[in-house]
Every structure is written in structure tokens, then in C-alpha cells.
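Morning, everyone. Please look at the screen; I will be brief.

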Amino acid sequence: MRVERPWGWYEDLLEAPGYKVKRLMVRRGCQFSLQRHHHRSESWTVVSGDGGLFCDNRWHDANPGLMLSIPCGAVHRARGGQQDLLILEVQHGSLLSEDDIERLQDDYGRVIS
């Protein structure tokens, strides 16, 4: 099921104890919250499009094939560039829900933790 967000959408593809696989689409020129998680790590693989991936005070150019590991507790975000950015995300951890998002900054007026 696709879940719409102000920055794009995500879909849960697969879930089992300890891991979840999602597909994320960040619209061109949009970004999701600057955030961190306390109960999971993530790995992102850029499938298509362009933009930027931020993790631990460093921006990475997001192009197809880029893989980025995001440790538990790391501050991160993704931004669409000239095109929509499509990412496969694999989460690992004990709590794999939207309740494990601590927002540090948000462009869309959502609650900051």
C-alpha cells in the first residue's frame, strides 16, 4: 500500500521479524525531515533519479547505484534533485514503525520531537 507524504510517498514491500524493506520516492525539489531513529539502522540504495542523501553531517550525490548505510542514531535525510529520487530502503532493528522517527527539522510543519 502506498502512503502519501508531503515530500512524495513510500511503500512497504516486505516485513519479517527484525527487518523491513520499503520503496521511497522523494519528489524533485523536495526533502523529508532531518531525522534519526533510536531503534533501527537503515541502508539505502538509489534506484533511479537524482538528488542528495545526507548522513552524519555529509551530503552524498544520489545517483542510481549509490548505496548508503545509516547507523542507528545517525542524523539523515534524502532530497530529490532535478528528477524524482527513488530509493530502496532496508531497515534492521527492534522497532520498525513510523513511531521511531525523531524529527529535528521539517519543511512541512510536522511535529518536531
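What volume does the largest cavity have? About 180 Å³. Before the details, two notes. This is a predicted model, where local features need pLDDT of at least 70, side-chain atom pairs count only at pLDDT 80 or more, and totals for chains, interfaces and linings use all residues. Residues are numbered from 1 along each chain as its sequence is written, and side-chain values use heavy atoms, without hydrogens and water.

Back to the cavity. The structure holds one cavity of 30 Å³ or more. A cavity here is a set of points on a 1 Å grid over the protein atoms alone, where a 1.4 Å probe fits but cannot get out; lining residues have an atom within 4 Å of a point. Volume is the space filled by probe spheres set on the points.

Who lines the largest cavity? Of 18 lining residues, Trp7, Phe32, Gln35, Glu98 and Ile101 are the closest to its centre. S3, strand S5 (40-48) and S10 each give two or more residues to the lining. Strands are DSSP runs (E, at least two residues), numbered from the N terminus. By class, the lining has eight charged, five polar and five nonpolar residues.

Now the sheet. Six strands form an open, antiparallel sheet, ordered S1-S2-S3-S10-S5-S8. Pairing takes at least two DSSP bridges between two strands. S1 (2-5) and S8 (67-70) stand at the edges with a single partner strand each, so one side of each has no neighbour in the sheet.

One pair in close-up. S3 (residues 19-26) and S10 (residues 85-93) pair antiparallel over eight bridges. Met25 has Leu86 in S10 as its bridge partner.

Terms used. Helices (H or I, at least four residues) and strands (E, at least two) are DSSP runs, numbered from the N terminus. On a 1 Å grid over the protein atoms alone, a cavity is a set of points where a 1.4 Å probe fits but cannot get out, and a pocket is an open set with protein on both sides within 12 Å along at least five of seven lines; lining residues have an atom within 4 Å of a point. Ala, Val, Leu, Ile, Met, Phe, Trp, Tyr, Cys and Pro count as nonpolar, Asp, Glu, Lys and Arg as charged, and the others, Gly among them, as polar.
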